[in-house]
Amino acid sequence: MIQRTLTLLGLGIALAIPAHAAPAKPNILFILTDDQGYGDWSTNGHPLLKTPHVDKLAAESVRLENFYVSPSCSPTRAALMTGMHEFRNGVTHTQSPREKLWNGATVLPQLLATAGYRNGFIGKWHLGNAGEYNPANRGFDWGSTNQGGPRGLFNPTMIRNGEPSQGSGYREDIFFDDAMQFISETKDQPWFLYLSTYSPHTDLGAPEEFVAPFRGKVTDNQAKFLGMVANLDYNIGRLMAFLKEKGLDENTIVILMSDNGQTWGLDVYNANMRGCKATVWQGGTRTFSYWRWTGHWPAHQVDNLTAH
């Protein structure tokens, strides 16, 4: 099961663990950020960002350093959910109808459900929302997102399991709170959580405490973009601490990657790569990819060519 799951998530190298050496059903936390470049963590050389929590996660992970995705959002997401190239799963654009994931595809949570997993989805889907395309009809048992998508930055209306409620605070903070709620509610059942942030996609904005360190050093929009990344680091740190507090650290696979390359941070730092989102150059298609399973996968760097 573990090897099959890794294949569906796009990891085509030998990371399968012998059956006698691993718990039968580890939890899986898959965090996917939106429009974040390879260089948008301090561990990858960013001159302004300080991201200690992700830096620590990376240091503890199998790091795929030559990892590629599609140059835009929906095709990457469809490939990650199905293990199929976008030309086979039907998602070749971010606009309807070409962003609707083929309803005949087997999606990762559907497969995991057959192994007894409880599946949660939080944040951005972008693979079709109506009817049969909705996450609730693609194998997810629990779901949370916000009305307004990338435009709902502060005090958004949240939709949890189909029920609207008024949220308070910053959208990504709420997403990570919901992640901890899902994990707590799941108790002893193995779980898969697809936590797909809107940050740092436009619209740009974050709580001022995260934006302020960059003001005066870059443009206003660039400061907001970097503030969104800094907020992601803060929230990932909160979630990692929560897993450890709950005794789930060693039985949870943590995966962190982005859906495509650079946008608003392009002129600040692009890790010496050419291109940006929506281009086929490295700046549009190469991203970070960290895989941590504490106590099971030794931290190391993999230079082999890998892809979603």
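Which residue forms a salt bridge with Glu60? Arg292 does, and the closest N and O atoms of the two are 2.9 Å apart. Keep that pair in mind; it comes back below.

Before you zoom in: this is a predicted model, where local features need pLDDT of at least 70, side-chain atom pairs count only at pLDDT 80 or more, and totals for chains, interfaces and linings use all residues. Residues are numbered from 1 along each chain as its sequence is written, and side-chain values use heavy atoms, with hydrogens and water left out.

**View 1. An open sheet of ten strands.** Strands here are DSSP runs of E with at least two residues, helices are runs of H or I with at least four, and both are numbered from the N terminus. Two strands pair if DSSP finds at least two bridges between them. At the edges sit β7 (163–166) and β12 (300–302), each pairing on one side only.

**View 2. Strands β4 and β5 side by side.** Residues 118–123 (β4) and 142–146 (β5) pair in the parallel sense, over three bridges. Look for Phe121, which stands opposite Gly143 in β5.

**View 3. Helix α2 (residues 52–59) and its two faces.** Val54, Leu57 and Ala58 are its buried residues (buried means under 20% relative accessible area, exposed over 50%, partly exposed in between, with a 1.4 Å probe and protein chains only). Seen down the axis of α2, they fall within an arc of 100°, so they line one face of the helix; the arc is that of the directions from the helix axis to the C-beta atoms. Lys56 and Ala59 are exposed on the face turned away from the buried side.

**View 4. Back to Arg292 and Glu60, a salt bridge.** The term means a side-chain nitrogen of Lys or Arg within 4 Å of a carboxyl oxygen of Asp or Glu. Arg292 is in strand β11 and Glu60 in the loop between α2 and β2, so this pair links parts of the chain 232 residues apart. Arg292 is buried, at 4% relative accessible area, while Glu60, at 28%, counts as partly exposed.

**View 5. Lys224 and Asp220 in helix α8.** Their side chains meet in a salt bridge (3.4 Å, N to O). The two are four residues apart, which means about one helical turn separates them. Lys224 is partly exposed at 24%, and Asp220 is partly exposed at 40%.
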